[in-house]
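Hi,

Here's the structure I said I'd pass on.

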Amino acid sequence: MIKQKKQAANASTNLNLNLNPKQAISQKITSALELPKEVVMNLPLITLIGNEDMTVENFKGVLEYSEERVRINTTAGIVRVEGKKLLLKQITADNIGIVGNIMKVEFLV
Amino acid sequence: MILNIWQNIKGYVVIEVTGFSVERFVNLAVHKGLYIWDVSYEGASVRMKVTIKGFKALKDCARKTGCRYKIVEKHGAPFTMHKFRKRKLFPLGILAFVALLYYLSGFVWLVEVEGNERLESALILEFLGERGLAAGERRRSVDRQNLAREASAYFDDISFINIGIRGTKATVSIAETLPREEIIDKSRPCDIIARGDGIITSVFVSRGTPMVREGDVVLRGDVLVSGTLVVGEGDEAVIIGQTHSIAQVRARQYYEMNFNISRTETRKNFTGRTRRSFSLNILNKELNFLRYSNLYENYDRITDRRQLGFGANYPLPIIFLHHTYKEFETYEITRSLEEMRELTLMTITNRIIREFDFDADVIEKIVEYEQINYGLRVMATVITNENIGEVRYLDEVEDMSSQ
């Protein structure tokens, strides 16, 4: 009974924030201490400059790359960028820069 | 930008990757810690740039992901060096360049004087130049402390001097002494004499024997106040001593000014058309790149100098000169009689301000004009009331008479 309740509670938090219990705790601690989330929870930090320059820090890998579409795997799900003449300006172990005519940024969870 | 330069020095290759999953290939390479940049899509293949070091690690990635890659372009210093490996003189040239630069930086190429107000820079530079501090001298051979000592001994107006050499520029910092007040030796007997002709208007004597009174006409050199003290008159006069005369003697003095004012004057009118040229001054030799064969008939040349060098401290003996030629046309203006008169009065006033003593009071200006064929002949007389006295030491007079 109790277990079920707990599971239900977990399920609700999972549903709301899409997090597992461990992440939920760290989420609470981070927001309480006002720590940068991208550091503590390893979330991607996405910077957009206009519609032509995008930087994703803390990314996990490139799933797809073509001139019209780039898909990047991150801890917050897959980030899909659509546009024209997209170019990967730089790739390092945790940082990826996309330039081009960006038209759409989507999270696929 | 800076990263670009660094990559160019280290060298990089542009590769073209083909295969089923180029993304996996990139991920794997990135996971290994390689830096990949400028990834672009070329239809069938993907083009990207990697460092030379990273390129060697790609073999493994390609095998695991089943991709193929080939080098399209090579960039950077290592490849350039490889290309020039058979040109033996090339590194020698670079070496010679560096050596020459090093050799030339051992000289002083610019001497600057700062902090001087009364003393002229040219004088100081000439003095230092004669003693081995000038453009083109070896930096090492300059004995700075000795030079500074000599300079401060030679110039009375220098209270402090420091010669600093930074890079190829020598900076001479000077602090001048305060302007020295004239010391009057009141124990030295003197007369006061007239320094010009005039009519005495007032005599105030605080020491000495007055020889003139108000209304007297004096000529240049006349004794106004005598420093010889006399008691008694006529044959009974006895000289009891000599003193340093102090007196304020003012007199009405006449000055004549004769000059001509012309009716016409040529003036410039800039047309707004300009031309530019450049030249280099290397080791005081001028090199012209561009010389106009038919420049304007009348022009003013404005030259802008810029000494080349590395920063402010390493000037080189190369001066970049930028000339601007401004064309002008000449035209003549003709003055009316009224305008010529105005100009006359202005000229007289300017001369009074420039040439006369500060304490001179102008009493009257008598201006006579005479029309001549090209303008006006002006004969002006300016009457002033001013100090006429001048000190003459008695021992100097005796020296002159004994010679």
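Two residues count as being in contact when their C-beta atoms, placed from the backbone, lie within 7 Å. Keep in mind that this is a predicted model.

Let's start where the two chains meet. Chain A brings 14 residues to the contact, and chain B brings 15 residues. On the chain B side, the elements giving two or more residues are α2 (22-31) and β2 (36-42). Sorted by class, that side of chain B has nine nonpolar, four polar and two charged residues.

Strand β5 (residues 77-92) of chain A runs antiparallel to β2(B), and three bridges join them.

Now for chain B itself. Its secondary structure comes to nine helices and 22 strands, and 17% of its 403 residues count as buried. Take its contacts between residues at least 6 apart in sequence: 66% of them join residues at least 24 apart.

One sheet in chain B I'd point you to is an open one with three strands, ordered β5-β7-β6, with mixed pairing. β5 (110-114) and β6 (158-166) of chain B are the edge strands, each pairing on one side only. On average, neighbouring strands here are turned by 15 degrees against each other, direction ignored. β5(B) pairs with β7 (residues 169-176) of chain B in the parallel sense over five bridges, and L110(B) has K169(B) as its bridge partner in β7(B). Helix α6 (residues 121-130) of chain B lies across β5 and β7 of chain B, at about 135 degrees to β5(B).

Cheers

Notes. Residues numbered from 1 in each chain as written. Chains lettered and ligands numbered in written order. Predicted model: local features only at pLDDT ≥ 70, side-chain atom pairs only at ≥ 80, totals over all residues. Helix = DSSP H or I, 4+ residues; strand = E, 2+ residues; numbered from the N terminus. Nonpolar A, V, L, I, M, F, W, Y, C, P; charged D, E, K, R; others polar. Pairing = 2+ DSSP bridges. Buried ≥ 20, exposed ≤ 12 C-beta atoms within 10 Å, placed from the backbone. Axes fitted to C-alpha atoms, helices over the stretch in contact; angles between N-to-C directions.
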